[in-house]
Each structure stands twice: as C-alpha cells, then as structure tokens.
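Me: I have a two-chain model open and want to go through a few spots in it. Can we start with what the annotation terms mean?

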Amino acid sequence: MGQRTPLYEQHLALGAKMVDFGGWDMPLHYGSQVEEHHQVRRDCGVFDVSHMTVVDVAGSGAKAYLQHLLANDVARLTTLGKALYSGMLNERGGVIDDLIVYLAEDGYRVVVNASTRDKDLAWMQAQAEGFEVSVEERPDVAMLAIQGPQARAKVAELVSQPRAALIHELKPFQGLAEGDWFIGRTGYTGEDGLEIILPAAEASDFFCELVGAGIAPIGLGARDTLRLEAGLNLYGQDMDENVSPLAANMGWTIAWEPAERDFVGRAALESQRRNGESQKLVGLVLEERGVLRAHQVVRVGGVGDGEITSGSFSPTLGKSIALARVPAATGERAEVEIRGKWYPVRVVQPSFVRHGKVLI
Amino acid sequence: MSDIPSDLRYAASHEWARLEADGSVTVGISDHAQEALGDVVFVELPEVGQQLTAGQEAGVVESVKAASDIYAPVSGEVLEVNSALTDSPEQVNGDPYGSWFFRLQPSDKAELDKLLDASGYKASCDSDA
C-alpha cells in the first residue's frame with residue numbers, strides 16, 4: 001500500500017481508478033481521462049496534488065541560500081508572492097529536481113515533486129550548511145489545483161470574501177497567503193487556474209465543496225496529457241540528474257547574470273555552453289494515425305538519432321504528440337520507429353496548446 | 001464489475017469470439033480489457049486475406065495510457081475488418097461487444113471449444129486482479 005493523501009476516501013467514492021505514483025496511491029482517472037482533459041481546457045477541474053512536497057525556507061540567509069541552490073535567481077522575485085520556476089542542479093549540471101519558489105512574507109515557499117521528496121530534502125539540508133537558514137517540510141498541508149478558464153471565477157464564489165478578493169487580484173505566477181491558506185495563480189496544465197495549499201484537515205471539506213459546485217475531479221492521466229500539450233516537462237521523464245537543463249528546454253530558467261553568482265552546477269553549465277550543447281528538447285507531431293510513446297527512437301536524416309521522452313495522444317489536437325531529445329542540428333522533419341515501422345513526424349517548438357489555443 | 005456476455009467465448013488475453021450462423025468467427029476485446037486500457041485512441045487491424053494462427057498477433061489497440069496487442073483467438077483467414085474503428089476508436093470503450101475488430105473463417109472450429117466460457121473468463125480476470 002502506498003501513501004495516501006487526505007482525499008483518498010473521496011477518490012474511491014468518486015469511482016477513481018487508483019494507481020501508484022512515486023509511492024502514492026493517486027487517482028488516474030474517474031471514468032474517462034480524455035473527457036477530464038477536455039473539461040479542464042473548456043471549463044475547469046480540480047486535481048488532488050497533495051502528494052507534492054511543500055518546503056518553507058526562512059532565516060536571514062534564505063535569499064543567499066536559494067541563490068546558491070537554484071539555477072534561476074530568486075533576486076528576480078521583487079514583488080511579494082511572485083513565483084519562479086527553477087532547476088535544482090547537481091555539480092555536474094544535471095537536474096536533481098524542478099520546482100517552483102514563491103517569495104513569501106517571512107522567507108520563501110518551495111514546492112518540489114513527490115517522487116523526488118527524499119533526495120530533494122536531503123540535498124536541500126546538505127546545501128544549507130554555512131547559511132543562516134531553516135529548511136522545513138510542511139507535511140501538515142494538502143494541495144489542490146483548480147485549473148481551466150473558469151477556475152478562478154468558480155472558486156471565488158465558494159470561498160470567503162477576503163480569499164475571493166485575493167483570487168481576483170492575483171497576477172499570473174503569483175501566490176499569497178490568506179489566513180492559513182496559500183493561494184497561487186500557478187499550475188501545470190497551460191491554462192489559467194489556482195494552486196491552493198491549505199491545512200490537511202480542511203482539504204476534504206473543500207474538495208467536496210468544489211466537486212459539489214460542479215468542478216469535476218481530474219486524475220493524473222489528464223494531468224499528464226494537459227502538461228504534455230502545454231510543453232511542460234515531467235521530472236524523471238523529460239529530464240533527470242544526468243540531463244542538463246540546456247538539453248531539456250530549460251535554458252530560460254538559468255540566470256547567468258550576475259556572473260559572480262556561484263550556484264551549484266554553474267561551472268558545468270558554462271563549460272557546456274562554451275562547447276555548444278549537443279542535444280535539445282523539441283516537440284514532435286505525428287500526422288498519421290498512431291501513438292508516440294516514451295523511449296521510441298527518433299531518426300533525423302543525416303544528423304543522428306534521438307529519443308522520445310514523453311509521448312501520448314493529444315485530446316485537443318486529436319493526434320499524437322511527444323517531447324523528444326534530439327541532436328541540436330535537427331531541422332523540421334524526423335522519423336519515429338513504432339513497432340518496427342518508421343513514421344514521419346513534424347518537429348516543432350515544444351509547446352502545443354496554451355490557454356485553449358493550438359500553437360502548432 | 002465488467003460485463004461478460006454468456007453467449008461468447010473468450011481468450012485469457014481478453015479477446016471475445018462469436019461463432020456466426022455462416023460459420024465465421026467475429027473477434028473483439030472484452031469490457032474488462034477496454035476498462036483496463038482506458039480511453040482507446042488508436043486501433044491497428046489485420047489485413048483482409050491474412051492467415052492467422054491461434055495466439056498470433058492480429059493487431060494493436062492503443063489507449064491514451066498504453067499499447068496492447070490483440071491476438072487471434074482461433075486460427076483462420078481474415079474475411080473482413082471493422083474499418084469504422086480506425087476513424088472512431090472510442091467506440092471500443094462505449095460498446096466493446098458491438099465494436100468488433102475483425103471476422104475470420106476458422107480453419108479448425110474445434111479451437112473455439114478450447115476458449116474460455118463466460119465463467120472461465122471471469123475466473124481468469126479475477127486471478128489477474
């Protein structure tokens with residue numbers, strides 16, 4: 001038996017098909033993964049993401065610590081609540097995890113992945129040596145993501161007046177506390193929406209209220225196809241400790257300036273940048289019928305081979321899409337091997353759908 | 001609980017087979033199989049005229065989640081394939097026993113008797129779980 005979130009019983013009562021995800025028993029879908037996907041793109045839905053790990057970083061050295069720990073620079077967070085996406089790298093420049101960090105009133109709130117929890121916490125503690133900083137996990141909270149074009153309006157109707165006001169005021173990629181709730185306008189679907197971190201004891205009632213108000217529960221299956229369409233990486237699939245952020249479409253998350261900021265992995269990344277990165281992460285679109293899957297081989301004529309890191313059927317596009325790591329010189333066409341046959345694919349920017357709009 | 005009609009025969013690999021009045025055998029995948037796969041988004045069918053032996057790969061069904069082979073429950077020649085599934089593979093989820101994949105002319109009707117009946121298939125599914 002895996003770990004359970006405070007909403008485990010509700011998932012069962014809603015008819016979820018449960019699966020193991022990083023040691024947690026999580027809902028894969030509540031009936032139809034494709035319907036849930038459309039629900040989020042067209043209206044909104046609620047995800048239980050309580051398996052994610054919330055870590056509060058505080059102390060007089062918190063800023064300096066995070067400037068050392070992360071490839072992106074928390075000095076860029078100049079307004080309260082502003083969020084930053086970053087890789088946390090090892091000395092070789094490989095990605096230990098990807099995370100979101102919010103500027104809080106008394107420090108920073110960091111949200112890391114569930115499947116990497118133990119190694120992340122160990123690494124964060126080890127790197128804290130020499131800094132005046134406390135790194136505290138928050139196992140007492142739960143987290144719900146309400147995502148979709150109607151998410152903010154619908155949630156605002158169900159919460160207290162101050163929380164509703166905050167939901168209306170939040171800018172994209174900003175998260176602020178209201179009482180013992182933390183409400184962020186962030187997510188992992190490519191749609192507008194919220195991520196709400198609240199006391200674990202309140203999660204079940206709030207989830208019931210959301211579902212009771214017609215906000216459909218959405219499983220991890222749709223979460224995966226939504227993030228794939230949005231071109232958002234999944235840790236462990238699209239990058240890991242042996243992959244540089246430069247080869248994972250995360251170059252934009254590396255703050256090179258100021259040059260004297262010596263974050264973990266900087267030396268390795270600078271050497272890669274000087275030598276020219278040999279691989280890049282791209283999007284693939286299969287125009288024929290079939291489904292692209294992780295680990296299928298990509299062949300680029302005259303250039304070399306690559307590999308699909310994430311692939312699935314895109315419910316919005318009605319065809320299969322993928323993220324693939326390919327030689328840097330790859331152009332607009334490639335081929336993918338599916339069950340021994342080679343299929344032509346289009347190579348595109350790794351972002352297929354955003355805010356309900358098809359980008360390719 | 002999945003639906004297992006008693007007038008069909010089943011393979012442990014989750015295909016159903018129905019003997020038609022004209023002696024041909026129609027093949028599809030069970031309700032249990034479609035439920036385990038989730039939303040079906042792609043179906044690859046055998047070629048008409050192809051000779052299949054029992055247990056041989058006869059096609060592929062892919063859901064959003066995974067790909068799964070379909071096997072011929074009995075040996076024979078493929079007479080017809082349900083090309084409507086190519087355009088609307090989601091039919092398999094809505095109506096697994098109406099959404100047939102292919103029809104074949106069995107080379108040995110006795111092979112049908114080796115397949116599971118409804119209670120045998122139910123027991124086989126339960127032991128998988």
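Reply: UniProt positions are given in the numbering used here, feature names are shortened, and annotations may be inferred rather than shown by experiment. Also, this is a predicted model.

Me: Fine. Which feature does UniProt place at B:Lys65?

Reply: The UniProt record has "modified residue: N6-lipoyllysine" there, from an unreviewed entry.

Me: Where does B:Lys65 lie in chain B?

Reply: In the loop between strand E6 (57-63) and strand E7 (67-71) of chain B.

Me: Why does B:Lys65 count as partly exposed?

Reply: Because its relative accessibility is 38%, and partly exposed covers values between the 20% limit for buried and the 50% limit for exposed.

Me: What does B:Lys65 touch, not counting residues up to four places away in sequence?

Reply: From chain A, A:Lys17, A:Leu28 and A:Arg293; from chain B, B:Ala36 and B:Leu37.

Me: Staying in chain B, is B:Glu111 buried or exposed?

Reply: B:Glu111 is buried, and it has no salt bridge. The nearest side chain of opposite charge belongs to B:Lys114, 5.2 Å away, and a salt bridge needs the nitrogen and the carboxyl oxygen within 4 Å.

Me: Over to chain A. How many residues of helix H2 are buried?

Reply: Seven of the ten, in a helix that runs over residues 33-42. They are A:Gln33, A:Val34, A:Glu36, A:His37, A:His38, A:Val40 and A:Arg41.

Me: What covers the buried residues of H2(A)?

Reply: The cover includes helix H8 (220-229) and several strands of chain A, among them E2 (24-29), E3 (45-48) and E9 (141-147). Strands E13 (216-217) and E20 (353-354) are also included.

Me: What does E11(A) pair with?

Reply: With strand E10 (residues 175-178) it pairs antiparallel over four bridges, where A:Gly175 has A:Gly184 as its bridge partner. With strand E12 (residues 193-199), E11(A) is antiparallel over three bridges, and there A:Ile183 is partnered by A:Ile196.

Me: How many residues sit between the strands in the hairpin of E10(A) and E11(A)?

Reply: Two, and A:Gly179 in that hairpin has a positive phi near 65 degrees.

Me: And strand E16 of chain A, what does it pair with?

Reply: Strand E15 (residues 297-300) pairs with E16(A) in the antiparallel sense over four bridges, with A:Val297 opposite A:Glu307. Seven bridges join E16(A) to strand E17 (residues 319-327), again antiparallel, and A:Ser314 is opposite A:Lys319. E16(A) itself, residues 304-314, has eight of its eleven residues buried.

Me: Which glycines have positive phi in those hairpins?

Reply: In the E15(A)-E16(A) turn, with three residues between the strands, A:Gly302 has a positive phi of about 75 degrees. In the E16(A)-E17(A) hairpin, with four residues between the strands, A:Gly318 has one near 70 degrees.

Technical notes:
Residues are numbered from 1 along each chain as its sequence is written. Chains are lettered from A and ligands numbered from 1 in the order in which they are written. This is a predicted model: local features need pLDDT of at least 70, side-chain atom pairs count only at pLDDT 80 or more; totals for chains, interfaces and linings use all residues. Side-chain values use heavy atoms; hydrogens and water are left out. Buried means under 20% relative accessible area, exposed over 50%, partly exposed in between (1.4 Å probe, protein chains only). Lys and Arg count as positive and Asp and Glu as negative; His and the chain ends are not counted. Two strands pair if DSSP finds at least two bridges between them. Contact means heavy atoms within 4.5 Å.
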